[in-house]
Amino acid sequence: MFWKFDLHTTSHIDQLLDREDVTLRELMEEDDVLQECKAQNRRLLLFLSQDHCMQELVSLITTEPPADLEERSRFKFPNIACELLTSDVSIINDKLGGEESLLEMLYHFLEQDPPLNPLLASFFSKTIGNLIARKTEQVITFLKKKEGFIGLVLKHIDASAMMDLLLRLISCVEPAPLRQEVLHWLNEEKLVQRLTELIHTGKDEERQSNASQTLCDIIRLSRDQANQMQENVEADPLLAVLESQESVAGLLKNMFEGERSEASIVNGTQVLLTLLETRRPGLEGLMDLYSQGYERSYTVNSSILNAIEPHLKDFQQLLLDPPKVKPRVEGQVIAVKNTADLFFKYSWNNFLHFQVELCVAAILNHPSSEERPSPGLQNHDGKPLFQKCRLVQRILDAWEENDKIQAEGGTRRGNMGHLTRIANMVVQNLEKGPVQAQITDLIKELPEDCRGRWESFVDETLRETNRRNTVELVSTHNMHSSSEDDDMESPFPNDLSLQQAFSDYQIQQMTANFVDQFGFNDEEFIFNLTVCVCSQANAAAFEACCKERIRQFDDAEEEEDIWEEKEINYATQAKSRTR
């Protein structure tokens, strides 16, 4: 009877494509558009590969969306466009890598003034990186014709996506001859020297950090690839420059000459440590390494050591007199306020809630001093951060709002558990902690009505919540049959030591070597037991307890001794089974 049903389903995308006036946005609204694209839906791919569709897709990932759009949907279409362009479908790769007008639209993204939108920068980097791997010759030829390409990438190196783009140029180009050609091109553009110049006191810290990380990745990638290549392969020109004495000396000059800064010293030292790393052997060469000793392991280039040697006194002085760390209080007041806003905005993101709880704990447990003020408790104007972030008020408001939601039959908010822990942290630090005096003053400076609400919350609501959340151990006097009345008193004494001693004595008889394991013999046990029952009030209860516990073992009339040796009569057993 099943053959009368047509189980073949048609995709809604195919139904949309039947319309002559269908638009790209309508298709991108469909949930399965990416799935259909990767499944090689030919009608969809032919539609997407049209000139106007490809131009719209590229425009979406390189143009800032309107600011008046809702935040949740603002980058929806740029994200989908990036996934479509990098879906690794040959017809899209061919169209995007073969059309110079589309490559020009992509390249124009780099010509914007910094800073780039980090999300759009990641879309751009992912799209170009996919083309470098799939349409290598066409893209490399296009980029080499752009004289200012490396300069534009370094101009936006504060965006980590640009760092990823450089590493793709170094590691994702195949075959080997073309890769070597790209390395020589990057070396002619003085990529290493320009990255080294960014590690300088006067440069932005984010740019310094990304430049340092890029140099470290170039060193490791080049060494790993050189280790896998055959011996007759040409050396990596970028690695040769990085290991040269001139390059290392230039890095050290940037670190130590002029005003020393924490950022330049830390980032420069990171590059030096990477240069001093020994080569990590591959799995296939591990046995050879152990059998032949460490002679085959990588030895540090002498030019690196020669460049470092004159600056050993600078490193020694650095240990004696480290650079002063400038307090970044204003910025930290803003990584804290924004974090608190996110905590209350996204009530179901438990990962976020946990991180905010860690931040609050770090602030409250950070001892403040005049030399190093606690960044979480005051801002650059001296106004308390508790007032800036309104932590107490927001705890109270969130709690009352949650109570209202639950009273109306709604679901308890997902951040209430973390909110309880944060409130308890504030209370605990009010009682005792490294910033007790400061928090006490902050609470006193709250408006009178808010302070009253907080005191009432702590004394009543929070106390009751903590009581419910505490797991109470069940005591013996509460353990009775469910059929008994709640007000019925137990016949056993409340003193658990007596019952525990008797139970231990019963177990003692089970094994021959129990005396050694338990720690006392029969005489000691009797003495302890006598002490326990010396009170006349407990004597009767003890006797009743003993009779109750051993009655099952002493009643010989009702039960047989299971340990008694006796003759086994199989006939009797068979007869009893028949009955």
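This is a predicted model: local features need pLDDT of at least 70, side-chain atom pairs count only at pLDDT 80 or more; totals for chains, interfaces and linings use all residues.
User: What share of the residues is buried?

Analyst: The chain has 579 residues, and 37% of them are buried. Here buried means under 20% relative accessible area.

User: Where do nonpolar side chains tend to be in soluble globular proteins?

Analyst: The general idea is that they tend to be buried together. Now take this structure. Its largest nonpolar core has 95 residues. Met28, Leu106, Phe149, Met162 and Leu186 have the most contacts inside this core.

User: Which helix gives the most to this core?

Analyst: Helix α13, residues 160-171, gives the most, with eight residues. There is also a second, separate core. That one has 30 residues, including Ile395, Trp399, Met416 and Trp454.

User: How are two packed helices described?

Analyst: Helix α5 covers residues 51-62, and helix α10 covers residues 118-134. They pack at an angle of about 135°, and their axes are 8 Å apart. Therefore α5 is oblique to α10. The cut-off for roughly antiparallel is over 145 degrees.

User: Which residues of α5 and α10 meet?

Analyst: From α5 come Leu60, Ile61 and Thr62. They meet Leu120, Phe123 and Thr127 of α10. Sorted by class, this contact has four nonpolar, two polar and no charged residues.

User: Is helix α7 mostly covered or mostly uncovered?

Analyst: Mostly covered. Helix α7 spans residues 76-85, and seven of its ten residues are buried. The buried ones are Phe77, Pro78, Ile80, Ala81, Cys82, Leu84 and Leu85.

User: What does Pro78 touch, again leaving out residues up to four places away in sequence?

Analyst: Pro78 lies in α7. With those residues left out, Pro78 touches Leu60, Ile61, Leu120 and Phe123. Leu60 and Ile61 belong to α5, while Leu120 and Phe123 belong to α10. Now compare sequence with space. Pro78 and Leu120 are 42 residues apart in sequence. Their C-alpha atoms are 7.8 Å apart in space.

User: Why does Pro78 count as buried?

Analyst: Because its relative accessible area is 3%, and the cut-off for buried is under 20%.

User: Is Glu357 buried or exposed?

Analyst: Glu357 counts as buried, at 7% relative accessibility. Find Glu357 in helix α25, residues 350-364. Not counting residues up to four places away in sequence, Glu357 touches His418, Arg421, Ile422 and Met425.

User: And how should I read Gln138 in helix α11?

Analyst: Gln138 is partly exposed, with a relative accessible area of 36%. Helix α11 covers residues 136-145. Gln138 and Glu100 are 38 residues apart in sequence. From C-alpha to C-alpha, Gln138 and Glu100 are 9.3 Å apart.

User: Now the backbone. Which residues does the cis peptide bond with omega near 0° join?

Analyst: That bond runs from Pro114 to Pro115. Pro115 lies in the loop between α9 and α10. Another cis peptide bond joins Glu174 and Pro175, with omega about 5°. Pro175 sits in the loop between α13 and α14.

User: What is the phi of Asp88?

Analyst: Asp88 has a positive phi of about 60°, although it is not a glycine. Asp88 lies in the loop between α7 and α8. Its relative accessible area is 38%, so Asp88 is partly exposed.

User: What about the phi of Lys190?

Analyst: Lys190 is not a glycine either, and its phi is positive, about 55°. Look in the loop between α14 and α15. Lys190 counts as partly exposed, at 48% relative accessibility.

Conventions: Residues are numbered from 1 along each chain as its sequence is written. Side-chain values use heavy atoms; hydrogens and water are left out. Axes are lines fitted to C-alpha atoms, for helices over the stretch in contact, and angles run from 0 to 180 degrees between N-to-C directions. Helices (H or I, at least four residues) and strands (E, at least two) are DSSP runs, numbered from the N terminus. Angles under 35 degrees count as roughly parallel, over 145 as roughly antiparallel, 65 to 115 as roughly perpendicular and the rest as oblique. Contact means heavy atoms within 4.5 Å. Ala, Val, Leu, Ile, Met, Phe, Trp, Tyr, Cys and Pro count as nonpolar, Asp, Glu, Lys and Arg as charged, and the others, Gly among them, as polar. A nonpolar core is a set of buried Ala, Val, Leu, Ile, Met, Phe, Trp, Tyr and Cys residues joined through side-chain atoms within 4.5 Å. Buried means under 20% relative accessible area, exposed over 50%, partly exposed in between (1.4 Å probe, protein chains only).
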